[in-house]
Amino acid sequence: MIVQAESPILEVHDLIVSYEQSPVLWNVDLTLPQGQLIGILGPNGAGKSTLIKAIMGLVNPTGGFVKIFDKSLEEVRSRISYVPQRESVDWNFPASVLDVVMMGTYGKLGLFRRPGKKEKEIALASLDKVGMSAFINRQISELSGGQQQRVFLARALAQDADLYLMDEPFAGVDMATETAIFELLKQMTQEGKTVIVVHHDIYSAMNYFNWIIMLNLHLVASGPKEIVVTEELLRKTYGGKLNLLSKVSELVRKQSFNPLKS
Ligand SMILES: Nc1ncnc2c1ncn2[C@@H]1O[C@H](COP(=O)(O)OP(=O)(O)OP(=O)(O)O)[C@@H](O)[C@H]1O
């Protein structure tokens with residue numbers, strides 16, 4: 001079931017992505033609304049990361065195209081922030097926490113301006129928001145996984161984008177950090193920003209997101225949680241392997257709540 005967004009800020013049209021000639025995303029066609037916390041769900045290898053990489057132009061599609069804010073990616077790149085999987089980054093790169101977060105401001109600086117006082121203030125405020133003020137001079141190689149995740153988030157905040165694409169921002173973080181990150185993301189959507197998150201855990205996803213994309217090489221569903229989270233579509237996505245899927249859809253029916261309104 002694909003629900004189309006009114007006045008979409010992101011459109012994906014007939015997207016096909018292949019690695020070494022074998023397609024891993026088939027004819028993905030969806031539109032997404034502004035100001036929502038959007039979760040991309042699906043089993044391992046479903047193509048979740050590939051979808052956001054294709055949106056960011058990091059992999060070339062074999063077919064189809066993407067429009068963001070009704071424009072091509074090149075025209076709006078500075079309004080988009082991409083947070084890759086933590087494991088995909090070389091954390092041994094010699095840089096301090098503050099350096100990494102300041103890099104988030106570079107996109108808005110223009111070609112010949114060096115980061116100055118204002119950029120430093122933005123970076124410090126972003127680090128404060130994620131509870132990392134005490135670590136500004138620490139080398140990024142000397143952080144725990146959860147702290148690295150927070151630094152990544154601070155860098156994204158410093159970017160002050162309109163659309164955020166995050167690949168597993170909750171991976172390897174403790175419950176307190178997960179809740180803190182979720183609260184921040186929720187706040188960002190309340191300010192009109194759109195946040196798209198690849199997420200593994202379908203149970204917490206039911207609390208976190210109000211728009212859900214279900215993917216398993218093909219697009220199974222995209223739409224408001226209350227509409228698309230059904231036992232049938234969860235089974236179609238996860239292959240009927242999880243016997244608790246019916247409980248998940250039941251939970252959504254019963255609660256029928258929108259975390260952004262709570
Ligand atoms: N660079 C690559 N070259 C070849 N195959 C790739 C490459 N990247 C991903 N794949 C394959 O494409 C498929 C989709 O991968 P992708 O990382 O998008 O899935 P995912 O849903 O994000 O998975 P996971 O939940 O395990 O992170 C997988 O079968 C994967 O092995």
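Helices here are DSSP runs of H or I with at least four residues, strands are E runs of at least two, and both are numbered from the N terminus.

A quick word on what you're looking at. This is a predicted model, where local features need pLDDT of at least 70, side-chain atom pairs count only at pLDDT 80 or more, and totals for chains, interfaces and linings use all residues. Residues are numbered from 1 along each chain as its sequence is written.

Now pick E119, I122, A123, S126 and L127, which are the buried ones in α4 (buried takes 20 or more other C-beta atoms within 10 Å, and anything between buried and exposed is partly exposed). Look down the axis of α4: its buried residues fall within an arc of 135°, so they line one face of the helix (the arc is that of the directions from the helix axis to the C-beta atoms). An α-helix has 3.6 residues a turn, so residues three or four places apart point the same way.

What do the buried residues of α4 pack against? Show α3 (97-103) and α5 (145-159) and you'll have both partners. Just past the end of α4, click G131, which takes a positive phi of about 70°.

**Into the core**

Next, select I38, V101, A154, Y164, L165, I196 and I212, the residues with the most contacts inside the largest nonpolar core, which has 69 residues. Such a core is a set of buried Ala, Val, Leu, Ile, Met, Phe, Trp, Tyr and Cys residues joined through C-beta atoms within 7 Å. Its largest share, 7 residues, comes from α5.

Stay on I38: leaving aside neighbours within four places in sequence, I38 is in contact with L32, V195, I196, V197, F209, W211 and I213 (contact puts C-beta atoms, placed from the backbone, within 7 Å).

**Out to a loop**

Jump to D90, in the loop between β5 (80-83) and α3. Is D90 buried or exposed? With 7 C-beta neighbours inside 10 Å, D90 counts as exposed.

**Last stop: the ligand**

Finally, select Y19, E20, V24, G42, N44, G45, A46, G47, K48, S49 and T50, the residues around the ligand (each has its C-beta atom, placed from the backbone, within 6 Å of it). Helix α1 (residues 48-55) gives the largest share of this shell, 3 residues.

Conventions. Buried ≥ 20, exposed ≤ 12 C-beta atoms within 10 Å, placed from the backbone. Contact = placed C-beta atoms within 7 Å.
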